[in-house]
Each structure stands twice: as C-alpha cells, then as structure tokens.
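Hi everyone, thanks for making time for this. I'd like to walk you through one structure, so please have a look at it first.

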Amino acid sequence: LGGEELNWTGPCLTEESAIFCNFDIFRVPGRMMTHNIGACITPPVMFEGYVDFTVSVDDKTFWYSRMYIRKF
C-alpha cells in the first residue's frame with residue numbers, strides 16, 4: 001500500500017536537482033543519495049497490476065520502467 005523506499009540508478013544528480021518520481025498518475029518528490037543513485041517513497045496504490053514508473057530530473061524524463069505492484 002505504499003511507503004516503500006525505491007532506489008534507482010541513473011543520470012548524474014546534483015544537490016540542486018529537482019527530482020520527481022511518477023507512478024502512473026501519482027507524482028512524488030525524490031532525493032539524491034549519491035551522484036548516480038536516487039530514491040523516492042512509493043505512494044499508496046490501491047490496486048494490483050502494472051504501473052508506469054518514470055524519473056524526472058530538472059523537468060526532463062531520464063528513466064522509464066514498467067513495474068508490477070502486488071498486494072500482500
């Protein structure tokens with residue numbers, strides 16, 4: 001139901017970068033962990049199935065994936 005930290009690797013990040021993670025229609029802020037690793041907290045998703053996941057840094061989409069959310 002959300003609240004999990006999702007770590008990802010990707011573009012070069014800076015402390016000034018505006019990082020956002022999009023889970024279908026849900027947009028959540030992200031944070032820089034290192035120059036190549038970022039993290040975001042998954043939002044509450046009340047369904048089971050595939051979700052489009054994108055990472056935007058400074059209003060440019062750098063990473064796209066499709067992930068499966070499973071309820072326990």
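Let me begin with how the elements are named: helices (H or I, at least four residues) and strands (E, at least two) are DSSP runs, numbered from the N terminus. With that in hand, D24 is in the loop between strand 2 and strand 3. Before going further, please keep in mind that this is a predicted model, where local features need pLDDT of at least 70, side-chain atom pairs count only at pLDDT 80 or more, and totals for chains, interfaces and linings use all residues. Residues are numbered from 1 along each chain as its sequence is written, and side-chain values use heavy atoms, with hydrogens and water left out.

Back to D24. Its phi is near 55°, a positive value in a residue other than glycine. D24 has 37% relative accessibility, so it counts as partly exposed. D59 also has a positive phi, of about 65°, although it is not a glycine. You will find D59 in the loop between strand 5 and strand 6, and D59 is exposed, with a relative accessible area of 72%.

Now, the loop that holds D24 also holds I25, between strand 2 (19–23) and strand 3 (26–32). I25 is exposed at a relative accessible area of 76%. Together I25, F26 and F47 form a nonpolar surface patch with about 300 Å² of accessible area. Patches here are made of residues with over 30% relative accessible area and no salt bridge; like charges are joined within 9 Å, and nonpolar side chains (Val, Leu, Ile, Met, Phe, Trp, Tyr) within 5 Å. The areas come from the Shrake-Rupley method with a 1.4 Å probe, and for residues only the protein chains shown count as cover.

On to the cysteines. How many disulfides does a search of the whole structure find? It finds one, taking a disulfide as a pair of cysteine sulfur atoms within 2.5 Å. The bond joins C21 to C40, with S to S at 1.9 Å. C21 is in strand 2 and C40 in strand 4 (residues 37–41), so the pair ties together parts that are 19 residues apart in sequence. The torsion about the S-S bond of C21 and C40 is about -75°, so this disulfide is left-handed. Both C21 and C40 are buried. C12, on the other hand, is in no disulfide, and the nearest cysteine sulfur, that of C21, is 17 Å away. C12 is exposed, with a relative accessible area of 67%.

Next, the aromatics. Rings of Phe, Tyr and Trp (its six-membered ring) pair if their centres lie within 6.5 Å; planes under 30 degrees apart count as stacked, over 60 as edge-to-face, and the rest as tilted. The structure holds three such pairs. One of them is F23 with F53, a tilted pair at 4.9 Å centre to centre and 45° between the planes. This pair links distant parts of the chain, with F23 in strand 2 and F53 in strand 5 (residues 49–57), 30 residues apart. Both F23 and F53 are buried. Y50 and Y68 have ring centres 5.0 Å apart and planes at 75°, so that pair is edge-to-face. Y50 lies in strand 5 and Y68 in strand 6 (residues 60–69), so the pair ties together parts 18 residues apart in sequence. Y50 counts as exposed at 51% relative accessibility, while Y68, at 45%, counts as partly exposed. Ring pairs also link F23, F53 and W63 into a cluster.

Finally, the salt bridges: a side-chain nitrogen of Lys or Arg within 4 Å of a carboxyl oxygen of Asp or Glu. By this rule there are two. R31 and E5 meet in one of them, at 2.6 Å from N to O. R31 lies in strand 3 and E5 in strand 1 (residues 5–9), so the pair ties together parts that are 26 residues apart in sequence. D52 and R66 also meet in a salt bridge, at 2.6 Å from N to O. That pair links distant parts of the chain, D52 in strand 5 and R66 in strand 6, 14 residues apart. D52 is partly exposed, with a relative accessible area of 25%.

That's my tour, and I'm happy to take your questions.

Terms used: Buried < 20%, exposed > 50% of the residue type's maximum accessible area, 1.4 Å probe, protein only.
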